[in-house]
Amino acid sequence: MNGIRAAKYVVRAASLVVSILIMVVVAGPILGAVSPQFLTQQQPLGLGIDLNSINSQLSFFHNSSTLAGPHDIAVTAFNNWPLPGSASLLLKLIVNNQTIYQTQPASLQLDPFQSGQLHISMDVPSSVVSQLQGQRVGIGGTMSLAEGQYWTITVSFPQ
Amino acid sequence: MVKLAKGISSAALRFVVIGIAFPYLLEYFSPTLSSYVQLPPADQVWEAFILFGALYAVTGFLQNAYSKGDYPWLFGKLGSGVVSIAFFTYIFLLLPKSVGSAGVQSTGLLYLIYLEVALAYVYLVLDFYDARRSKNPKPKEPVVAV
């Protein structure tokens, strides 16, 4: 085999490896966002945060007497993917399209095929509680998913 | 004749997929997509995809109607790379609106993509010269029997 042909095959092999790595990096957070909608019975794929679990933990909102004070909200972050990643989440209370309270962000480093809990402390001050009286309160937030040092995707919700 | 037919069928396939099927699917799913991505008006989307479909068709024709080692084949390959860069730039321009104010940070990923593009072009050039050498082998030196 001549030199040019050998070099051609080496470059082709390197190119394939880099292509596969790009696909794996890009697919992780995308699958993490999409798969919880479809794989409701099985474990979701990719790197993501299970936002569906937040609503069930907000029962203290139904009663103004339980609203004040610290509340711990645990949200599952999963990394069912072969690359290490990290997830972070903060929650917001929104009244009339304005954010009136925002939690500190909770972050978690996740090894490949590891899941964990993001613990968000929601300590609503009494001044904010008084603003919430009789208002329709929306929950929003910002979620960041990072696939190693390759890319970070940050999504604000609701859109 | 076979090469010409292959070139025409490849061009037609690329035009149908990129220039017709893609914008049709975008329009079909636009009610769902519009909650995540702010799409341009439908006629602008059709114009852009028909243009990309035509460019992909031309480059596909050059790659398939000519043999590896011919210069039109090389122009087809190089042109296809340039069209792909323009196409994905157009697609990615839609993305930041879909992920709120903070968006996407992709420095490391971009370096990987640049490396991949560089490797693909190095491969292309090596493949081209390998094919030219195979098409025009060096004449063997006459062997003189003593």
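At what angle do the axes of helix 1 (residues 3-38) of chain A and helix 5 (residues 107-135) of chain B cross, and within what distance do they come? In this predicted model, the two axes cross at roughly 155° and come within 9 Å. Because an angle over 145 degrees counts as roughly antiparallel, helix 1 of chain A and helix 5 of chain B are roughly antiparallel to each other. Their crossing is left-handed.

Chain A contains three helices and eight strands. Along the sequence these elements follow the order α-β-α-β-β-β-β-β-α-β-β. Of the 159 residues in chain A, 25% are buried. When contacts in chain A between residues at least 6 apart in sequence are considered, 60% link residues at least 24 apart. The mean pLDDT of chain A is 85, and 95% of its residues reach at least 70. Within chain A, confidence is highest in strand 5 (residues 106-110), at 94, and lowest in helix 3 (residues 126-132), where the mean is 80.

Three residues of chain A were examined individually. A:Ala74 belongs to strand 2 (residues 69-80) of chain A. A:Ala74 has 13 C-beta neighbours inside 10 Å and therefore counts as partly exposed. Leaving aside residues up to four places away in sequence, A:Ala74 touches A:Gln117 and A:His119. The C-alpha atom of A:Ala74 is separated by 6.3 Å from that of A:Ile120, a residue 46 positions away along the chain.

Phi is about 50° at A:Asn96, which is not a glycine. At A:Asn97, likewise a residue other than glycine, phi is near 65°. A:Asn96 is exposed because 9 other C-beta atoms lie within 10 Å. A:Asn97, with 7 C-beta neighbours inside 10 Å, also counts as exposed.

Chain B comprises five helices and one strand, arranged along the sequence as α-α-α-α-β-α. Buried residues account for 21% of the 146 residues of chain B. Among contacts in chain B between residues at least 6 apart in sequence, 68% connect residues at least 24 apart.

Helix packing was also examined within chain B. Helix 3 (residues 42-65) of chain B packs against helix 4 (residues 71-93) of chain B at an angle of about 160°, and the axes are 7 Å apart. That angle makes helix 3 of chain B roughly antiparallel to helix 4 of chain B. The crossing of helix 3 of chain B with helix 4 of chain B is left-handed. On the side of helix 3, the contact involves B:Ala48, B:Phe52, B:Leu55, B:Tyr56, B:Thr59, B:Leu62 and B:Gln63. These residues meet B:Pro72, B:Trp73, B:Phe75, B:Gly76, B:Lys77, B:Gly79, B:Ser80, B:Val83, B:Phe87 and B:Tyr90 in helix 4 of chain B. By class, the contact of helix 3 of chain B with helix 4 of chain B has 11 nonpolar residues, five polar residues and one charged residue.

Methods:
Residues numbered from 1 in each chain as written. Chains lettered and ligands numbered in written order. Predicted model: local features only at pLDDT ≥ 70, side-chain atom pairs only at ≥ 80, totals over all residues. Axes fitted to C-alpha atoms, helices over the stretch in contact; angles between N-to-C directions. Helix = DSSP H or I, 4+ residues; strand = E, 2+ residues; numbered from the N terminus. Parallel < 35°, antiparallel > 145°, perpendicular 65-115°, else oblique. Left-handed = near helix turned anticlockwise from the far one by under 90°. Contact = placed C-beta atoms within 7 Å. Nonpolar A, V, L, I, M, F, W, Y, C, P; charged D, E, K, R; others polar. pLDDT = per-residue confidence, 0-100. Buried ≥ 20, exposed ≤ 12 C-beta atoms within 10 Å, placed from the backbone.
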